[in-house]
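Hi there,

Here is the structure I promised to pass on.

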Amino acid sequence: MDFSFSADQQLLRQAARGFLEQRCPAAAVRALWDDPRGESETLWKDMAQLGWLGLALPEAVGGSGLGMVETAILLEEMGRAACPSPYLPTVLAAWAIAEAGDPAQRRRWLPALAAGEARATVALLDGHLDWDPASIATRAEPTAGGFALSGAKACVPWAHVADLVLVPARAPRGLTLFLVEASSPGLSPGPLTALDRGTRWVSLALEGVPVAAGAVLGPPGGAGPLVAGLLQRGAVGAAAEMLGAARRCLEMAVDYARVREQFGQPIGSFQAVRHRCAEMLVEVENAHAAVYYAAWALDARAPDAALAASVAKAYVSEAARKVCGDALQVHGGIGFTWEYDLHLHFKRAKALEAMYGDADVHRELIVRHLAGPEP
Amino acid sequence: MDLRESPADRAFRDGVRRWLEANLPARPPATLEERRAWHRKLYQAGYLGMGWPVEYGGRSATPLQQAIVADEMARVNAPPPINPLGIAIVGPTIIVHGTEAQKRRYLPKILTAEELWCQLYSEPNAGSDLASLRARAEDRGDHFEVTGQKIWTSGGTIADRGLLLARTDPAAPKHRGISCFLLSMRQPGVEVRPLRQITGSEEFSEVFMTAARVEKSDLVGRLNQGWEIAQTTLSYERGAGSLARVTRYASAFHRLLAAARVLRRHGRPLLEDPLVRARLGRIYAELEVQRYAALRVLSALDRGEAPGAASSVTKLSYSEFEKRFLELALEILGPWGQVSAGPLPPGLDLRVTASSGHGDDWAYAFLWSRAGTIYAGSSEIQKNVIADRVLGLPRDARADRARA
């Protein structure tokens with residue numbers, strides 16, 4: 001039993017931190033907040049060069065053959081940097097194609113995704129915001145050459161820059177996952193303005209979007225497990241990013257409490273502040289255990305992997321909320337200013353809290369694992 | 001990163017499980033002699049004091065192996081050993097700080113439970129501020145004479161000897177005038193009075209020492225080195241109980257789930273109430289995270305890393321979790337959660353553990369959950385330790401710091 005990172009994993013983290021500190025400092029994050037696309041082509045290409053985009057893909061398609069633990073390490077570092085990037089939705093889509101794609105689909109997309117020549121995303125939500133695949137209302141009507149997709153997908157991360165969107169829809173044989181090219185007619189992305197400008201959500205209207213029969217990913221009518229897998233990986237990935245945000249917020253709070261003086265002494269010498277910071281550390285360390293246990297369980301295909309993914313998302317959503325919020329409180333007024341960087345992380349954590357199932361969604365999934373579904 | 005038990009540890013666990021199946025007493029040991037016998041049996045099987053060095057009767061077992069033994073014992077609700085403080089605290093203290101004569105004299109009898117030990121640290125006016133303790137040990141030439149009062153002495157009524165902290169230099173700064181002794185509890189100058197807790201039971205005692213005698217040869221370490229020694233004894237637990245703790249929580253959780261199928265609200269079982277489900281899901285996420293965190297600590301210990309002040313994070317986390325868990329349990333169980341005896345509705349099992357007997361009801365477990373955030377350094381003290389030694393925040397302005 002070993003809960004430590006390997007030397008390679010530690011090097012990966014160091015390299016990622018160094019790269020992001022240099023290439024994605026707060027000033028760069030802020031520039032991207034103001035950018036209409038919201039992400040940087042050169043940053044994306046450099047991530048591909050570093051092997052990040054193919055990290056968990058098979059070596060045969062240009063990947064490194066690593067797993068969710070390494071992906072979580074990178075996502076934690078991106079959360080730490082508040083880096084605006086379609087990284088998580090892209091690697092989620094790539095995972096699904098590697099897992100269930102036929103040879104043609106794998107050839108078409110995996111090398112391009114690993115090389116940073118394409119971006120992808122997953123459209124798991126309809127407008128009613130139910131993460132339960134049973135509620136997906138987007139329809140796939142059979143046509144001569146394949147299917148026509150109609151519906152409205154909500155809060156699709158980074159869909160405005162994606163070349164490929166994974167769309168689960170209800171086909172005559174049941175829930176089916178489709179590979180939809182962004183250039184398809186009938187597909188209209190509507191970018192949303194939301195709290196975290198480093199995360200872009202897009203409303204995606206589908207009006208009879210034509211997809212070929214060869215664009216069905218995995219078994220027609222049997223997309224349930226694949227969609228569940230996407231939700232689990234999305235949950236753990238988001239938890240990793242929230243962990244990075246939370247740890248950064250804790251560091252900022254502690255650094256600030258050491259130097260900020262009121263009543264003639266550093267505020268970090270007051271028990272009200274010290275105890276709050278100690279509670280924040282407990283949450284951060286527990287979040288670390290939750291994220292990497294779940295990431296390992298997915299890689300190891302452990303019997304409790306799905307449960308662990310829900311545990312991680314349920315726990316870390318609340319932990320990150322507390323830690324980032326408490327960091328703001330420790331900072332006082334300065335933390336409430338636009339100029340101070342704390343809100344970049346505070347808002348990233350808030351955005352991810354709501355994605356891939358919020359804490360309540362995963363609490364219900366946990367109880368289903370333990371006691372069966374609600375009748 | 002591999003969070004499975006290694007084949008060797010798995011085999012070790014299987015061995016412990018088989019041994020327990022063959023040796024677990026049919027009914028919990030009732031008398032002192034039966035409890036000593038169970039303790040000896042555990043020791044002879046190699047499952048007690050196993051973290052001690054081989055030369056002192058231990059097995060130099062890894063922290064994970066110790067945790068596995070405790071975990072398997074928790075799974076079958078095995079009775080605890082009768083000399084836990086001797087094994088976990090007194091023995092390791094003597095091994096690190098004691099003389100050869102002390103090691104030869106005391107260690108074997110701790111392992112066999114021939115001599116039972118207690119810990120004489122806290123005083124009525126020295127709780128969180130332990131270093132302000134007032135019990136004094138005065139040099140009488142060929143021995144020390146001890147006078148003072150101790151409280152929260154676990155196992156005091158059955159102990160033969162106690163690990164004692166007493167003041168030996170009242171003029172010195174408070175942390176530097178304390179010494180550590182091995183005191184005989186079997187002498188006229190030592191009076192033990194059971195202390196009844198809010199649970200109604202008496203697991204602790206008050207100990208009154210009036211001109212009690214301690215031999216010079218029973219001083220541990222140097223004179224006035226007691227505080228330093230006490231600091232190290234607090235770190236000996238080393239995660240051995242961490243998996244067992246979570247196993248007990250999980251067992252209790254599943255019993256709570258079973259009760260939530262039987263109890264009803266708004267015309268349906270509680271387990272079908274979305275509000276109840278959300279709260280159960282939330283507490284179970286916390287419970288699982290306690291397990292992951294325990295694995296992380298054990299993994300670090302197995303690599304030889306000293307947890308140091310980080311163990312404050314663990315203690316703060318699980319003791320506060322335990323309170324939240326039992327608060328929720330009592331809310332879900334309603335009045336039944338407060339009932340410890342009497343007629344119950346059919347189909348409702350209100351035991352926290354698989355065995356029955358004193359202390360297996362939710363009310364008792366609930367009351368005990370209030371102890372964990374007070375003993376062995378209250379939550380407030382743990383937060384101070386974390387702030388000082390993990391986060392490196394500036395020290396708070398404490399009146400005793402300048403002198404200490």
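Below are notes on confidence, cavities, a helix contact and a pocket.

First, the conventions. This is a predicted model, in which local features need pLDDT of at least 70, side-chain atom pairs count only at pLDDT 80 or more, and totals for chains, interfaces and linings use all residues. Residues are numbered from 1 along each chain as its sequence is written, chains are lettered from A and ligands numbered from 1 in the order in which they are written, and side-chain values use heavy atoms, with hydrogens and water left out.

On confidence, the predictor gives the complex an ipTM of 0.96 and a pTM of 0.96.

Now the cavities. A cavity here is a set of points, on a 1 Å grid over the protein atoms alone, where a 1.4 Å probe fits but cannot get out; a pocket is an open set with protein on both sides within 12 Å along at least five of seven lines; and lining residues have an atom within 4 Å of a point. Grid points are joined across faces, edges and corners, and a volume is the space filled by probe spheres set on the points.

Searching the whole structure gives three cavities of 30 Å³ or more. The largest cavity has a volume of about 160 Å³. It is lined by 17 residues, and Ser85(A), Leu88(A), Trp158(A), Glu241(A) and Leu352(A) are the closest to its centre. H5(A) gives the most to this lining, with three residues; helices (H or I, at least four residues) and strands (E, at least two) are DSSP runs, numbered from the N terminus. By class, the lining of the largest cavity has 12 nonpolar, three polar and two charged residues (Ala, Val, Leu, Ile, Met, Phe, Trp, Tyr, Cys and Pro count as nonpolar, Asp, Glu, Lys and Arg as charged, and the others, Gly among them, as polar).

The second largest cavity holds about 40 Å³ of space. Its lining has 11 nonpolar, no polar and no charged residues, including Trp131(A), Cys155(A) and Met355(A). Strand S3 (residues 146-157) of chain A provides the largest share, four residues.

Next, the helix contact. Helix H8 (residues 271-299) of chain A packs against helix H8 (residues 274-302) of chain B at an angle of about 90°, with their axes 9 Å apart. Axes are lines fitted to C-alpha atoms, for helices over the stretch in contact, and angles run from 0 to 180 degrees between N-to-C directions. H8(A) is therefore roughly perpendicular to H8(B) (65 to 115 degrees).

Finally, the second largest pocket has a volume of about 790 Å³. Of its 33 lining residues, Glu285(A), His288(A), Arg296(B), Val297(B) and Ala300(B) lie nearest its centre. H8(B) supplies the largest share of that lining, seven residues.

Best wishes

Terms used:
Parallel < 35°, antiparallel > 145°, perpendicular 65-115°, else oblique.
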